[in-house]
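This report describes a complex of protein chains, going from whole chains to single residues. Please look over the structure before reading on.

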Amino acid sequence: MNSNAHFRHFAERAAAGEPVLPQCGSCQAVFMPPRAVCPECGTPGPGWVPGAGATGTLYSYTVVESREGPIIIGLAELDMITEGSKFYASVLGIDAGDVAVGQRVRLDTAENEDGVLVPVLMVEGGTK
Amino acid sequence: MTDVALAGMGIAETWAPGHRDTMDVMADAALKALADAGLRPGDVDGVFTATAQVMLPTLALSEYLGIQPRYLDSTVHGGASNLSHIHHAIAAIRDGKCEVALVVYGSTQRTALKASGSRPAVASVPPVESLASPMFPISSYALMAQRHMAEFGTTREQLSSVAVAASRWGSLNPAAQRRDILTHEEIVASPKLSSPFHKLDCCLITDGAGAVVVTTAERARKLNTKAVQINASAEFSGHEGVMAMKDLVRTGASVTGRAAFEMAGIGPGDIDVAQVYDAFTINTILLLEDLGFCPKGEGGKFIAEGNIDPGGSLPTNTSGGGLSFSHPGMFGIYTVLEAMAQLRGEAGGRQVANARRAVAHGIGGTMSAHCTLVLSN
């Protein structure tokens, strides 16, 4: 996997239960994924903005048939992301049969199979 | 500007697992392409390779074939790599940096999978995506497919029609690894992987190798082969992972398609046969739309109506494609090889009558790298 310092910080803050989103210090654009240079204005060295509770809309999803049963992966358009890119994460709070494009989601964290907190998209008013 | 042509083509054994080393399938394809062009390894002065299995592949293959190239290119960005090699070779030839370019791909991924349980790959899951444990890269394309269904009303049956059309072509190709004609019912009865995709929405996993020889049109004429003219080429990348893709249903193929058609001085309506990289059923829909062969959002309808089938208005992926012919990893070289076979009139029972102009389009990553070639006979 192609890791990098910006991703490591993103994952570490999520693991601490305080998810963050990259934000350009120059044009203020919020974007994903974390990277070295702002994709909107080209300024290097973006900073971070708290992301917990950020709301958005499910742009697309896929139900993956895993050994442990179906898991939902979603791409959300978060209202805070001003630059047009998407937030990619597991979707929780809804049964796989009920997930739909356009549902409102909220950025949260939850434990993965190794007990590490990772960012997730929680469906608002979901079925579970 | 110097005209450039494809002077030779070679395809190695595609039945798998073949218990051969990757270097040997690459050498097999390369020697066949050179023989087809009436050339010997010593005539080659530019070597371009892509593979996930050989270290320093351009050096290794050059030594193996007794070539001392003065132009070397090991560009790897997935299934667009070999089309990009051709795009780069055109520039190198026009700039006098080489005259005879050998472009080679090879993989024994199926043999490796059978032997070790894991498949060699050049792409890895992007780091943020890894936190969600997706089925990579299938889930990335599944997200495109689901969005296409939500935005344009594309149906599950229309996705199936892509694999059905590919299987109809495959049934006409004795070299295709899938010869049976699929039905929508069989596709949706195959195991679910990452919705909306079932197993039969996904390409085959095979061994294979392919090679082409690129040289000046003048040299190709002297070789007295059935050379295929390269009218235009263009490459582009807008992202690596799907998170950075601002619109999942509008791809970089619209950039390379527009540039290539403008350079060739023709439009999509002038094309007799199209070869687009069909790793998954949604690919053919997105790429035909973005290359301008049908309106945006109507790719599913266009394909379900039979337009890309044998006898249709736009015969597409006439080898059977990655879904039915063969898919040894970076499939791009096969889009070029099948376009050449059609333009040379050598496609046997699947030959498209009077095929004069073809498009070959490769993609790499998750709709990340794009390269379009416009070819003619």
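Among contacts in chain A between residues at least 6 apart in sequence, what percentage join residues at least 24 apart? The figure is 52%. Like every value in this report, it was computed from a predicted model. For chain B, residues 24 or more positions apart account for 77% of the contacts with a separation of 6 or more.

**The two chains**

The predictor assigns an ipTM of 0.98 and a pTM of 0.97 to the complex. In chain B the average pLDDT is 96, and 98% of the residues score at least 70.

The secondary structure of chain A consists of 1 helix and 7 strands. Read from the N terminus, the order of elements is α-β-β-β-β-β-β-β. Chain B has 14 helices and 11 strands. Its radius of gyration is close to the value that the globule rule gives for 377 residues, so chain B is as compact as a globular protein of that length. For chain A, the radius of gyration likewise agrees with that of a compact globule of 128 residues.

| Chain | Property | Value |
|---|---|---|
| A | radius of gyration | 15 Å |
| A | span of the C-alpha trace along the principal axes | about 40 × 30 × 25 Å |
| A | buried residues | 45% of 128 residues |
| B | radius of gyration | 19 Å |
| B | box of the C-alpha atoms along the principal axes | roughly 55 × 45 × 40 Å |
| B | buried residues | 64% of 377 residues |

**Where the chains touch**

The contact is made by 26 residues from chain A and 27 residues from chain B. On the side of chain B that touches chain A, the elements that give two or more residues are helix H5 (127-130), helix H6 (138-152) and strand S5 (192-194). H6(B) provides the largest share, 6 residues. Sorted by class, this side of chain B has 16 nonpolar, 7 polar and 4 charged residues.

Beyond residues up to four places away in sequence, B:Val125 touches A:Met1, B:Ser130, B:Pro134 and B:Phe136. Why does B:Val125 count as buried? There are 21 other C-beta atoms within 10 Å of B:Val125, and a residue is buried if that number is 20 or more.

**Strands in chain B**

Strand S8 (residues 228-237) of chain B has 7 buried residues out of 10, so S8(B) is largely enclosed by the rest of the structure. S8(B) pairs with two strands described here. Strand S1 (residues 4-11) of chain B runs antiparallel to S8(B) and is joined to it by 2 bridges. Within this pairing, B:Leu6 has B:Val228 as its bridge partner in S8(B). Strand S11 (residues 369-376) of chain B is also antiparallel to S8(B), over 8 bridges. Here B:Glu235 stands opposite B:Cys371.

S9(B) pairs with S10(B) in the parallel sense, over 4 bridges. B:Val273 has B:Ala358 as its bridge partner in S10(B). In a regular strand, side chains alternate between the two faces of the sheet. In S9(B), B:Val273 and B:Gln275 point one way while B:Ala274 and B:Val276 point the other way, and all are buried.

**A covered helix**

The buried residues include B:Thr281, B:Asn283, B:Glu289 and B:Asp290. Among the elements that cover the buried residues of H11(B) are H6, helix H7 (156-171), helix H10 (253-264), strand S9 (273-276), helix H12 (299-304) and strand S10 (357-364) of chain B. Just after H11(B), B:Gly292 takes a positive phi of about 95°.

**The nonpolar core**

In soluble globular proteins, nonpolar side chains tend to be buried together. The largest nonpolar core in this model has 166 residues. Which residues touch the most other members of this core? They are B:Leu6, B:Ala30, B:Leu102, B:Val212 and B:Val213. Leaving aside neighbours within four places in sequence, the contacts of B:Val213 include B:Leu6, B:Ala33, B:Leu34, B:Val100 and B:Leu102.

Key
Residues are numbered from 1 along each chain as its sequence is written. Chains are lettered from A and ligands numbered from 1 in the order in which they are written. This is a predicted model: local features need pLDDT of at least 70, side-chain atom pairs count only at pLDDT 80 or more; totals for chains, interfaces and linings use all residues. Two residues are in contact if their C-beta atoms, placed from the backbone, lie within 7 Å. Ala, Val, Leu, Ile, Met, Phe, Trp, Tyr, Cys and Pro count as nonpolar, Asp, Glu, Lys and Arg as charged, and the others, Gly among them, as polar. pLDDT is the predictor's confidence in each residue, from 0 to 100. A residue is buried if 20 or more other C-beta atoms lie within 10 Å of its own, exposed if 12 or fewer, and partly exposed in between; C-beta atoms are placed from the backbone. Two strands pair if DSSP finds at least two bridges between them. A nonpolar core is a set of buried Ala, Val, Leu, Ile, Met, Phe, Trp, Tyr and Cys residues joined through C-beta atoms within 7 Å. The radius of gyration is taken over C-alpha atoms; the globule rule is 2.2 Å times the number of residues to the power 0.38.
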